[in-house]
Amino acid sequence: MDANLTLLVNGKQHTLRLDPATPLLYVLRNDLALNGPKFGCGLQQCGACMVLLDDVAWPSCQLPVHQVTGGVAITTLEGLAAPDGTLHPVQAAFVQEQAAQCGYCLNGMVISAVSLLRQYPKPDEAAIRNGLFRVLCRCSVQARAIKAVQRAAGV
Amino acid sequence: MSHHSAPTASRRDFLKGVGCLTVGFVMFGAGPLAAASAGPELPGSLQDNPRINAWLEVLADGRVRVLTGKIEIGQGIRTAVAQIAAEELDMPLERVEVVLAETGRTPDERYTAGSASIEQSAMSVRYAAAAARQKLLILAAAQFRTTPGRLTLRDGAVHASSGRQLSFAQLLGGQQLTDEVRLPLPLKPKANYRYVGRSIPRDDIERMVRAESYYVQDLRFPGMVHARILRPPSYEGRLASFDTKALQKAVPGVLQVVIDGSFVGLLAEREYDAKLAQDYGRLHARWSGGRKLPADKPLAEHLRSLPAVEKRTTDKGNVDALATDATLRASYFKPYLMHGSIGPSCAVALFAKDTLHVWTHSQGVYPLRDSLAKLLKINPDNVHVKGVPGSGCYGHNGADDVAADAALLARAVPGRHVRVQWSREDEHAWEPYGSAMLFDMAARLDPKTGQITHWQHELWSDTHSTRPAGSPEKLLAAQYLAEPLLPKPEDDFSGGIYRNSEPYYDFPAVRVDTHYVQGPLRVSALRSLGAFGNVFALECFMEELAVKSGQDPYEFRLRHLTDERAKAVIRKVRDMVRTEKLAPREGLGVAFARYKNKAAYCAVVAKVAIAPEEDGATVRVRKIWSAIDAGEVINPDGLRNQTEGGLIQAASWTLNEEVLFNAQQVTTRQWEQYPIFRFDEVPLVEVAVLDRPTELPLGAGEAAQGPTAAALANAVFHACGKRVRQLPIRPEKLLA
């Protein structure tokens with residue numbers, strides 16, 4: 001059942017031997033040892049597992065890995081910072097606003113915000129709430145997250 | 001990856017000969033330049049672990065390592081204790097490292113719970129560091145042939161006025177400070193603080209946004225096995241049959257199936273195969289029995305009908321007049337609530353060379369060690385438990401249970417690390433919920449003065465704490481083994497049931513009757529325990545009395561309080577909303593509590609807007625304000641962050657949340673069935689911190705929960721005239 005699949009993750013090509021039905025999340029965390037996308041529900045309800053597929057934030061927990069071969073640019077939290085380690089403006093804004101407690105949902109928030117700002121660089125508050133809608137946060141730092149996205153967007 | 005080693009020579013007691021240290025200073029007044037004296041007694045954690053080197057070690061490179069028995073659960077304890085240690089030792093903050101809870105390594109501080117991380121752990125570090133400072137000064141004075149008073153600490157060294165200096169490590173010659181910390185003990189004058197009282201950013205947030213390995217879920221060991229657990233459809237369900245050969249055929253990646261009674265572990269090399277095995281098992285395993293749940297009548301009625309163990313937990317004055325002369329009576333209800341951690345519980349365990357190693361996000365590594373030792377019938381010395389942060393827990397969730405799962409499975413594959421990941425459904429259906437509660441309130445007002453003369457609060461609740469606490473039978477897996485360990489029924493009134501049921505107000509006659517009942521669902525500690533429900537009932541009832549007697553809600557509360565700090569938070573929050581304008585069907589509501597009647601003071605005002613009835617009467621929380629007094633504040637932004645989170649989380653509990661069940665099982669098994677606040681529902685929040693630098697720091701992480709619920713219910717009443725006494729405040733309860 002396993003097959004050779006080639007994935008483009010954070011700018012690098014990886015060829016892996018896998019069950020093509022494996023959800024992308026498991027491949028990123030276990031085969032590529034990435035920590036960014038988190039397991040939260042496996043049901044596409046909480047957003048902990050968000051990744052960028054090209055520029056679109058998408059939950060990776062139910063997405064069969066074979067659907068994202070063929071050059072789809074998969075970006076995880078690890079792939080956002082510049083090569084010299086400089087944080088992406090959205091990452092930096094979350095640090096500056098201290099918009100985390102346990103931080104487990106940060107991945108989903110940051111990935112969703114990056115996606116939002118690529119499509120709408122100057123979102124208003126309602127657009128930010130909408131852009132982060134898929135992400136659940138139980139520590140309830142959402143008010144800070146909204147400020148962080150505003151800071152990153154300069155609005 | 002993380003490893004473990006026996007305590008090294010650096011911790012041997014070389015300096016014992018110097019004797020116990022007590023340096024007394026005569027202090028004059030409490031002016032800003034006078035050294036602040038330590039409180040009248042040492043924090044309990046320090047009394048239990050009295051040696052300096054239990055709390056801090058001097059490293060060879062000049063850094064200081066702080067050891068805390070608490071775990072990081074999002075409250076920022078790592079940064080707070082680093083601030084405290086750096087302050088007392090006049091060290092640069094970046095040269096202080098912090099080690100979190102680990103058996104055999106850090107002090108035993110039992111559980112990271114009850115908003116006690118600052119009161120206990122951070123204050124222990126403060127006194128230990130202050131004692132270390134004095135000892136280092138004495139050692140340096142001997143070297144420099146001078147007196148301690150002529151020396152200063154700076155950047156990890158003791159400096160003489162001559163310019164000579166010796167680093168802490170040089171002074172100790174590779175040894176550690178093993179003296180016991182004793183009072184009296186001079187502390188650094190607060191006027192000279194550089195770090196404490198400042199909003200030092202948490203450095204772990206950058207690690208999180210960089211996706212560095214941080215969580216227990218991120219641990220990866222060579223040859224690690226992945227596992228899922230198959231649980232019955234109902235509480236107490238028993239495994240009737242499970243064809244493991246058919247499973248192996250359907251999911252060839254399954255490595256091993258461990259069955260012990262009705263405890264079923266599914267192990268695989270690849271995590272996805274473990275998940276597939278769990279999916280298969282849920283469809284094909286057959287179960288029998290199972291406890292029937294009381295789904296045939298409203299839960300509030302059911303609670304009232306249960307046999308109860310009763311205790312009068314407050315009895316002041318005589319409330320008999322209420323029997324005939326109550327001004328108002330009302331009943332309130334709070335349903336079962338979920339912790340709802342975003343990351344389901346996870347643990348890694350390894351059984352190697354007769355020793356069990358466990359990596360866990362449990363709130364209590366030492367109690368868990370003892371529980372696991374009894375579960376596996378091994379010596380606690382052969383159990384090593386290391387705390388690693390997980391997803392925020394807000395109390396006792398599945399953390400200890402999943403650690404037990406991992407321990408049982410690790411024994412089946414010795415020499416290999418076993419990582420157990422609970423599914424979303426495992427966590428939603430099996431975590432120990434916050435208890436449902438029922439309240440009957442009665443009070444009498446003096447018709448002339450409008451003052452409350454009599455107050456009665458009667459409550460029905462299950463316990464609010466079933467932490468394992470060193471016993472094995474409260475670990476979920478233990479109850480399903482072939483030789484099950486079952487928790488004994490207990491009439492435990494210590495578990496937070498009546499927390500905050502005694503009013504902080506000054507009423508002449510008060511009676512609280514607590515009815516301990518055993519409810520249908522598995523329960524344990526959820527943020528603030530009974531205080532959430534008790535404050536909800538108490539502060540709603542206060543508001544109802546104010547409304548009934550035509551009094552201003554703020555003034556009504558103020559005139560029943562004597563504690564000026566309590567009055568100050570209420571006045572502050574009133575000031576914060578003074579200029580708020582209200583549209584039709586908008587309302588403001590206030591509530592107040594001092595958490596546990598001895599921790600932080602918190603007043604909350606909520607502003608809600610209610611859609612017209614024809615549009616479904618949905619409640620939108622526009623904004624929540626809070627004023628909080630937590631005494632001396634170590635990190636104001638940390639306190640603000642905790643309080644903001646408490647306000648929003650409690651608003652979600654109040655408006656949205658309720659664990660539901662049918663006769664067979666809990667039916668709220670995923671987020672769609674248990675909808676917590678999403679981004680579109682979250683209110684703006686504004687928190688004012690009343691800093692009291694000369695007061696003791698007070699536990700604050702749970703202070704906002706109760707007042708938020710009552711403030712929202714009161715705001716809903718003022719917005720639409722409907723008094724909802726049964727949580728959650730769903731729109732259907734606002735329709736005529």
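**Note on a predicted two-chain model**

1. Buried residues make up 56% of the 155 residues in chain A. The structure is a predicted model, and every value in this note is to be read with that in mind. In chain A, 57% of the contacts with a separation of 6 or more join residues 24 or more positions apart.

2. Next, the overall form of chain A. The C-alpha trace of this chain spans about 50 × 30 × 25 Å along its principal axes. Chain A contains five helices and five strands. Read from the N terminus on, the order of these elements is β-β-α-β-β-β-α-α-α-α. The radius of gyration of chain A is 15 Å, close to the 15 Å that the globule rule gives for 155 residues, so chain A is as compact as a globular protein of that length.

3. Strand β1(A), residues 3–9, pairs with strand β2(A), residues 12–18, in the antiparallel sense, and seven bridges join the two. Within this pairing, A:T6 stands opposite A:T15 of β2(A). The two strands make a hairpin with two residues between them. One residue to look at in the turn is A:N10, which has a positive phi of about 50°.

4. Strand β1(A) also pairs with β5(A), residues 73–75. Here the strands run parallel and are joined by two bridges. The bridge partner of A:L8 in β5(A) is A:A73.

5. Chain A is divided into domain 1, residues 3–79, and domain 2, residues 89–153. Taken over C-alpha atoms, the centres of these two domains are separated by 21 Å. Their contact takes 13 residues from domain 1 of chain A and 14 residues from domain 2 of chain A. On the domain 1 side, β3(A) (50–53) and β4(A) (56–59) each supply at least two residues. The largest share of that side comes from β3(A), with three residues. By class, the domain 1 side has nine nonpolar, two polar and two charged residues.

6. Chain B is divided into three domains: domain 1 (9–209), domain 2 (216–290 + 339–430) and domain 3 (437–462 + 497–734). The C-alpha centres of domain 1 and domain 3 of chain B lie 38 Å apart. Between these two domains, 21 residues of domain 1 are in contact with 19 residues of domain 3. Helices α3(B) (77–89) and α4(B) (117–144) each supply at least two residues of the domain 1 side. That side divides into ten nonpolar, nine polar and two charged residues.

7. Helix α12(B) covers residues 399–412, which makes 14 residues. From its first C-alpha to its last it reaches 21 Å, close to the 20 Å expected at 1.5 Å a residue. Twelve of the 14 residues of α12(B) are buried, so the helix is largely enclosed by the rest of the structure. Among the buried residues are B:D400, B:D401 and B:D405, together with B:V402, B:L408 and B:L409.

8. B:D400 deserves a separate look; its place is in helix α12 of chain B. Is this residue buried or exposed? B:D400 is buried, because 29 other C-beta atoms lie within 10 Å, and the cut-off for buried is 20 or more. Leaving aside neighbours within four places in sequence, B:D400 is in contact with B:S362, B:L368, B:P468 and B:L475. B:L183, 217 residues from B:D400 along the chain, has its C-alpha atom 37 Å from that of B:D400.

9. Last, the contact between the chains. How many residues does each chain give to it? Chain B gives 45 residues and chain A gives 48 residues. On the side of chain B that touches chain A, α6(B) (204–209), α8(B) (271–284), α17(B) (636–656) and β24(B) (684–689) each supply at least two residues. Helix α17(B) gives the most to this side, with six residues. By class, the chain B side has 18 nonpolar, 14 polar and 13 charged residues.

Note on methods: Residues numbered from 1 in each chain as written. Chains lettered and ligands numbered in written order. Predicted model: local features only at pLDDT ≥ 70, side-chain atom pairs only at ≥ 80, totals over all residues. Contact = placed C-beta atoms within 7 Å. Helix = DSSP H or I, 4+ residues; strand = E, 2+ residues; numbered from the N terminus. Nonpolar A, V, L, I, M, F, W, Y, C, P; charged D, E, K, R; others polar. Domains from an automatic or database assignment. Pairing = 2+ DSSP bridges. Expected span 1.5 Å × (residues − 1). Rg over C-alpha atoms; globule rule 2.2 N^0.38 Å.
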